[in-house]
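Here is a briefing on one protein chain. Keep the sequence and the model open while reading.

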Amino acid sequence: STHQTIVVELGCSRIKVGFAGEPKPRRVLSSGDGGALGIDDGMCTSSCTWNHFYSYLSSSSDAVIGGDNNAHSKATSSYDWEKTLYPLFSYILTSILFIQRPSRHRILVLMNDIFPPRHLREALLRVLLDYLNLGSVLLVNGGGFGSVQYLLEGMNLSCNPLMTQQPKASLVVDIGTNEARVAVLVPGSLFLVETYQAIPAGYQAFLRKVLALYQEANENWTTNATVEDANVIVQAWMSAPNTDISTAATTISVELPTLMKRSNDPSEASTVSSTIQVSVEPLLEAFHQVYLDYTQSTSLVYAILNSVLASPIDFRKVALQNIILLGGGSVALRSFGKGLKMEVETAIKSACGVSLGDDTLAMEEEKKDDGMEVSSIAQGRFQSLKAAVERSDGQEGGVQVKYPDPFAADVAHWIGASVMGKLRLSNEDWISASSSAVSARGERLRR
């Protein structure tokens, strides 16, 4: 149908493409080494590689995290963006969706993983409306928070199956490739801007921390190690029979890609083994620092609690009871330790001063005996959330972290956009070639 809505999600490591109303994307394009996007259409693999798009997004993410204002220098020109976006969207329309002549009646819902800078927005509109002749475009900014609400509103997130009413607030945690983003969502509106948090806690950031801690431990194998080696260690540990942090083995056996390459080298084959025993202590410490350490402002748990504190007081308790994990990073770490959601729940309770049992009390007493001071953050800032975390009936902890089951957490944003496209949402800010927004854009370009 010429009126069928196209849904595209632009992520930092993947692009998801499909039609509105469908339960999953038709194609997921993934970036390869160095952020290059490799497209194999069965005919010309080498010529179908776009690396500029992910280079721009990577530099934008670095600027947000590290405060480097010069990181945007690659994307200062609308023309540079057009050179990246035109072949990409042309390929999406013709080779993936098989739309040879886009109709003016065809609508595109565009998902953006970041808030796009002005030049990117202008280039998107020019490419989609002027060059590719699409009918109208809806730019859904702010990552997946703009679309996931449409998915959550149709789900029963309560542990009580008899509860059919949508909670008045939920806290969405999106763990992506480079960043993790947190915000409180309220039904009937977009996320609360004052609760938005972005931290360098994506899965790749976690792997880089893992590798850095192994290098600090002076492990022999880390001389030429890569992030891929760190990923192999993480996946090997999560697939072990026992990954309970308190009782798991202190070492694991892994076959590292870097050592495999060296063992295949004829000059080193007799001296290098690709399988080694690796201590899990740096791995667990990296997971704690990136995700659970509420004394660090860059950790995931700190961002979650900081987001809750920024929300209206009547939303805080219900938001803590409806924490939704989304993104590819949450899928990759789902079985880490006792499970990502259980580890996060425990860290939130600890940060808010909720007793976790005799073992936790003994640990706190041991810290006092050793002269260790309890974090001022735990004593003050997050202690105000203790009443919201505890259950009113005296049971242990009221915080609940969950996945959007039965939907996959790494495609939830796209599915939400699919719902948006099916509804067509006539009241939203659709942009067409004849709209005043595009006219104003053209006037700026002429100047």
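Among contacts in the chain (heavy atoms within 4.5 Å) between residues at least 6 apart in sequence, 69% join residues at least 24 apart. This is a predicted model, in which local features need pLDDT of at least 70 and side-chain atom pairs count only at pLDDT 80 or more, while totals for chains, interfaces and linings use all residues. Residues are numbered from 1 along each chain as its sequence is written, and side-chain values use heavy atoms, with hydrogens and water left out.

**Overall make-up**

- The chain holds 17 helices and 15 strands. Both are DSSP runs numbered from the N terminus: helices are H or I with at least four residues, strands are E with at least two.
- Of the 447 residues in the chain, 50% are buried. Buried means under 20% relative accessible area, exposed over 50%, and partly exposed in between, with a 1.4 Å probe and protein chains only.

**Helices α2 and α3**

- Two packed helices are described by the angle between their axes and the distance between the axes.
- Helix α2 spans residues 78–96 and helix α3 spans residues 118–131; their axes come within 8 Å and cross at roughly 45°. Axes are lines fitted to C-alpha atoms, for helices over the stretch in contact, and angles run from 0 to 180 degrees between N-to-C directions.
- α2 and α3 are therefore oblique to each other. Angles under 35 degrees count as roughly parallel, over 145 as roughly antiparallel, 65 to 115 as roughly perpendicular, and the rest as oblique.
- The crossing of α2 past α3 is right-handed. That term applies if the near helix is turned clockwise from the far one by less than a right angle, and left-handed if anticlockwise.
- On the α2 side, the contact is made by S78, W81, E82, L85, Y86 and F89. On the α3 side, it is made by H119, L120, E122, A123, L124, R126, V127, L128 and Y131.
- By type, the residues of this α2–α3 contact are ten nonpolar, two polar and three charged. Ala, Val, Leu, Ile, Met, Phe, Trp, Tyr, Cys and Pro count as nonpolar, Asp, Glu, Lys and Arg as charged, and the others, Gly among them, as polar.

- E82 sits in helix α2. Its relative accessible area is 11%, so E82 is buried.
- The side chains of E82 and Y131 are joined by a polar contact of 3.0 Å. A polar contact is a pair of N or O atoms within 3.5 Å; within protein, one must be able to donate a hydrogen and the other to accept it, and residues adjacent in sequence count only if both atoms are side-chain atoms.
- Apart from neighbours within four places in sequence, E82 is in contact with P87, A123, R126, V127 and Y131.

**Helices α9 and α12**

- Helix α9 (residues 300–310) packs on helix α12 (residues 340–351) at an angle of about 60°, with axes 10 Å apart. That makes α9 oblique to α12.
- α9 and α12 make a right-handed crossing.
- V301, I304 and L305 of α9 and V344, A347, I348 and A351 of α12 make the contact. Its residues divide into seven nonpolar, no polar and no charged.
- α9 is mostly covered, with ten of its eleven residues buried. Among them are Y302, N306 and S307.
- At the start of α9, a side-chain oxygen of S299 comes to within 3.3 Å of the backbone nitrogen of Y302.

- H288 belongs to helix α8 (residues 281–292). H288 is partly exposed, at 33% relative accessible area.
- H288 and A347 are 59 residues apart along the chain, yet their C-alpha atoms are separated by 9.4 Å.
- G188 is in the loop between β9 (180–185) and β10 (197–199). With a relative accessible area of 74%, G188 is exposed.
- G188 and Q149 lie 39 residues apart in sequence and 8.3 Å apart in space, C-alpha to C-alpha.

**Backbone geometry to check**

- D405 and P406 are joined by a cis peptide bond, with omega about 10°. P406 lies in the loop between β14 (401–402) and α16 (412–423).
- F98 is not a glycine, but has a positive phi of about 55°. Its place is the loop between α2 and β6 (107–112). F98 counts as exposed, at 62% relative accessibility.
- N133 also is a residue other than glycine with a positive phi, near 60°. N133 is in the loop between α3 and β7 (136–140). At 32% relative accessibility, N133 counts as partly exposed.
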